[in-house]
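Here is a short briefing on a protein model. Look at the sequence and structure first, then read on.

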Amino acid sequence: MASIPCIFQIPFTAKPINPSFPSLPTFSSKFLGTQNSLSCLRSSNIGPSNGSRTQCWFKFGKNGVDAEGAGIYGSQKRDDFDKDDVEQYFNYMGMLAVEGSYDKMEALLNQNIHPVDILLMLAASEGDQPKIEELLRAGAVYDVKDADGRTAVDRAVNEEIKDFILGFSVQKA
């Protein structure tokens, strides 16, 4: 079960019950309860009635399992990835700041390599093991070569990442 902190801010309005008695307002809120005068405001048990902080739990997926079961993580397939995903990852990992331009990314995209395979190459070069696992589950191919003849395994930042890619691919087969 995932825990997501949240804050309830409950809006309510006050209006006079009777124009001749403006000092006794009527409160109306979906969360505070039904519309009543100030003297007989009935609160409901839906949520906190004072706008306080609370912690909520949400069950994801069919049986309230995990993010993967809910289709949040790991549910994408090979063809669900596109050029925009490559650009977002390139920016997210700070590669633009390091490279100074999109030239490296554009060169990979112009080689007619599927975006998911490009993402795998980039993730391997960054040592981003969770992303590598996500991409391999989605159907990324680790032995696709770039213009220099390098694969994701060749680009891996260290031996641990190389072993992870190769081990995951063997395990999946």
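Aspartate 82 caps the N-terminal end of α1, with a side-chain oxygen 3.1 Å from the backbone nitrogen of aspartate 84. The model is predicted: local features need pLDDT of at least 70, side-chain atom pairs count only at pLDDT 80 or more, and totals for chains, interfaces and linings use all residues. Residues are numbered from 1 along each chain as its sequence is written, and side-chain values use heavy atoms, leaving out hydrogens and water.

**Helix α1**

- Helices are DSSP runs (H or I, at least four residues), numbered from the N terminus.
- Val86, Tyr89 and Phe90 are the buried residues of α1 (buried means under 20% relative accessible area, exposed over 50%, with a 1.4 Å probe and protein chains only).
- They lie on the same side of α1, because they cover an arc of only 105° around the axis (the arc is that of the directions from the helix axis to the C-beta atoms).
- Exposed Gln88 and Tyr92 sit on the face of α1 turned away from its buried side.
- The buried residues of α1 pack against α2 (95-99), α3, α4 and α5.
- Glycine 94 follows α1 and has a positive phi, near 80°.

**The largest nonpolar core**

- This core has 29 residues (a nonpolar core is a set of buried Ala, Val, Leu, Ile, Met, Phe, Trp, Tyr and Cys residues joined through side-chain atoms within 4.5 Å).
- Those with the most contacts inside it include Val86, Ile118 and Leu135.
- α4 (115-126) is one of the helices that supply at least two residues each.
- The largest share, eight residues, comes from α4.

**Around leucine 135**

- Beyond its neighbours within four places in sequence, leucine 135 is in contact with Phe81, Val116, Leu119, Leu120, Ala123 and Ala140 (contact means heavy atoms within 4.5 Å).

Key
Polar contact = N/O pair within 3.5 Å; in protein donor to acceptor, adjacent residues only side chain to side chain.
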